[in-house]
Amino acid sequence: MSDSAAWEGTFHGEPAIWLKSGKYAATMLPNIGGNLVAFRDTKRDFRFLREPSEEEMPAFKARPLNHGVPVLFPPNRYENGRFPWEGSTLQLPINEQSRNNHLHGFLYNTPWTVDDYGCTANESYVVVSVRVDETHPAYSHFPYTFTFTLRYVLSKHGLLQHVIIRNDGHRTMPCLLAFHTTINAPFTSEGASTDCRVKLTIGRRWELNDRMLPTGRFQSLSREEEHMRDDGVYPFNEVMDNHYTAEAQDGRNRMELTDARQGIKLIYDVGTSYKQWMVWNNFAKEGFFCPEPQINLVNAPNVKLPDHDIGLYGLAPGQIWEETSRLYITQAPLFT
């Protein structure tokens, strides 16, 4: 008998696709940005992602960025909303008025289509997509035809995310992406934030100006940041809204969050195509933080550095960009 299942249901009244496989469960909200808002170990009552409560649903629907795994396309900030590309300039909406920037793109709050869901004896899955063309509201400021497909698979190996972006048009399109992944710290029901240590494959820290835009220069890592790279640190020691290059360790690009009281480690292995990290910890308030894997540097089209160094990539007609990420748990040393 299969221990996996996939079904249509609701999440606090919102249409949802539920997945189950062994001890794991997950929930996808297709109408709210294709956001996977829950990933749980049901046997031990672990909740790895920050989930919106029933009372938080109105605020979440209005701004679905600080729960689950929001899709940022194009990600983060763009100066004055301007996006130079192949001899022309796109104008994105100014939605960060205080800094006169465009922020976080247009897919995190658009409805996605459920293409498929189901299960086998060993896993459950859901596939959602969004197609942007002349009929999509975003086309007026991002005039490219493409299909973005997300597949989530739940199994004994945790939660797999598979991204496919296909250029369906006749012009080379910019391919810039991040995920505003929102990690609970602690993720255990009996844990405390002070039990948690985060380790991240950061490289160099980008200097940001007062508009949170890169200057093109680097800053030295603090001792705290060196520990975050090498050993792990308490996630809320200081306010973090920082931008880093990603430098793989042991061939992998990942975040590790260890609950040393419970002896459990959550690993977020994001794949080496993500060349940058944003790290935001909600003004150092205990509870959750966001390790955000990005293809590109913030404001990349406006930064005068080599495209390869800042992840400014084009996708030619008919081409596909894809990558996989995985969330899973392992054992970790206990506090002594």
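Reader: Is Asp-250 buried or exposed?
Author: The relative accessible area of Asp-250 is 70%. Buried means under 20%, exposed over 50%, and partly exposed in between, using a 1.4 Å probe and protein chains only. Because 70% is over the 50% cut-off, Asp-250 counts as exposed.

Reader: Before we go on, what do side-chain values leave out?
Author: This is a predicted model, where local features need pLDDT of at least 70, side-chain atom pairs count only at pLDDT 80 or more, and totals for chains, interfaces and linings use all residues. Residues are numbered from 1 along each chain as its sequence is written, and side-chain values use heavy atoms, leaving out hydrogens and water.

Reader: Okay, back to the loops: what is the phi of Asp-250?
Author: Asp-250 sits in the loop between strand 21 (241–246) and strand 22 (254–259); strands are DSSP runs of E, at least two residues, numbered from the N terminus. Most residues other than glycine have a negative phi. Asp-250 is not a glycine, yet its phi is positive, at about 55°.

Reader: And Glu-86, what's its relative accessible area?
Author: Glu-86 belongs to the loop between strand 8 (82–85) and strand 9 (88–91). Its phi is positive too, near 50°. Glu-86 is exposed, with a relative accessible area of 58%.

Reader: Which residue does a cis peptide bond join to Phe-73?
Author: Omega of that bond is about -15°.

Reader: What's omega for the bond from Ala-185 to Pro-186?
Author: Pro-186 is placed in the loop between strand 17 (183–185) and strand 18. The bond is cis, with omega near 15°.

Reader: In the open sheet of eight strands, which strands stand at the edges?
Author: The order is 11-12-13-14-27-23-22-18, with antiparallel pairing; two strands pair if DSSP finds at least two bridges between them.

Reader: What is the bridge partner of Thr-113 in strand 12?
Author: Strand 11 and strand 12 (residues 123–132) pair in the antiparallel sense over six bridges. For Thr-113, the partner in strand 12 is Ser-129.

Reader: Last one: what is the relative accessible area of Gln-294?
Author: Gln-294 is in strand 25 (residues 287–294). Leaving aside neighbours within four places in sequence, its contacts (heavy atoms within 4.5 Å) include Pro-75, His-243 and Met-278. Gln-294 is buried, at 0%.

Conventions
Helix = DSSP H or I, 4+ residues; strand = E, 2+ residues; numbered from the N terminus.
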